Amino acid sequence: MRTVQVSEITENIKEMCIEANHYLSKDMEAVMERAAETEEAPLGKQILGQLRENLDIAARDMIPICQDTGMAVVFLEIGQDVHLEGGPLEDAVNEGVRQGYTQGYLRKSVVGDPILRENTRDNTPAVIHTRIVAGDKVRIKVAPKGFGSENMSRVFMLKPADGLEGVKHAILTAVKDAGPNACPPMVVGVGVGGTFEKCALMAKEALTREAGSRSSIPWVRELEEEMLEKINGLGIGPGGLGGSTTAFAVNVNTYPTHIAGLPVAVNICCHVNRHVVREV
């Protein structure tokens, strides 16, 4: 049994909130650089150049990548041989978000009630997802989610008879409907299977997977490759102004489901797809 103080979780999440909002992750740097080389439209290539310049300025001058510094989404994989001490884990996570957003001078975008809309003034609470896994480590993923792209996300409750073609149609429908509103080039997270809420959670977590990686399941890998090609063939392009780069990546996660259903969720993220991963 390994003891971890929740104060260590707080400190890491504080740093991760600041890091994610100022620096592009290495995997996103790689796909953006590759897109800048392969983009066919002159305007699209120019916009990608401007996006990269913006990212360079943000990192150099410690300015947020985007004015929408997002709602903090935190995934925790907690080893079953870890004993957490020092207070409630949820409080520790939210304290990390509070410190990150206040000390990092990040925009506070969270309202305490969805109808009354009063700002909480410290960007808490976070949306927290926990999972117990083997081992004695705590793996933390922090993904500040802006709502320009979040608002474009969809859940489709398909019939089993819709099959793989129905899944493809759902993904393309969501991306077409999003158009320029999701700040393309986008990363498309997809969840297939499970239940209504499970497929949405899988789609969200798929965005934290390394951009450009592929599933180990053959049909899923083929789906990711086909959907990326078809999405980039839509012509939406960088900034929605046309081009051959509408998406940097399509990441698909799957889970067993009921004989009577085929849930599909599409969670879209903008061109920065902010995420930081650490292990404590």
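Tutor: Residues are numbered from 1 along each chain as its sequence is written. Because the model is predicted, local features need pLDDT of at least 70 and side-chain atom pairs count only at pLDDT 80 or more, while totals for chains, interfaces and linings use all residues, and side-chain values use heavy atoms, without hydrogens and water.

Student: Why are helix 2 and helix 3 called roughly antiparallel to each other?

Tutor: The axes of helix 2 (residues 26-38) and helix 3 (residues 42-61) cross at roughly 150° and come within 9 Å. Angles run from 0 to 180 degrees between N-to-C directions, with axes fitted to C-alpha atoms over the stretch in contact. Angles under 35 degrees count as roughly parallel, over 145 as roughly antiparallel, 65 to 115 as roughly perpendicular and the rest as oblique. Helix 2 and helix 3 are therefore roughly antiparallel.

Student: Which residues make the contact of helix 2 and helix 3?

Tutor: Met32, Glu33, Ala35, Ala36 and Glu37 of helix 2 meet Lys45, Leu48, Arg52 and Leu55 of helix 3; contact means heavy atoms within 4.5 Å. By class, there are five nonpolar, no polar and four charged residues. Here Ala, Val, Leu, Ile, Met, Phe, Trp, Tyr, Cys and Pro count as nonpolar, Asp, Glu, Lys and Arg as charged, and the others, Gly among them, as polar.

Student: How do helix 6 and helix 8 pack, and what is the class of the residues in their contact?

Tutor: Their axes lie 11 Å apart at an angle of about 35°. Leu164, Val167, Lys168, Ile171, Leu172 and Val175 in helix 6 meet Trp219, Leu223, Glu226, Met227, Lys230 and Ile231 in helix 8. These divide into nine nonpolar, no polar and three charged residues.

Student: What makes a set of residues a nonpolar core?

Tutor: The members must be buried Ala, Val, Leu, Ile, Met, Phe, Trp, Tyr and Cys residues joined through side-chain atoms within 4.5 Å. Buried means under 20% relative accessible area, exposed over 50%, and partly exposed in between, with a 1.4 Å probe and protein chains only. The largest such core has 27 residues, and Val188 and Val264 have the most contacts inside it. Helix 6 (163-178) and helix 8 (218-232) are among the elements that each supply at least two residues of this core. Its largest share, seven residues, comes from helix 6. Apart from it lies another core of 22 residues, including Ile13 and Val280.

How values were computed. Helices (H or I, at least four residues) and strands (E, at least two) are DSSP runs, numbered from the N terminus.
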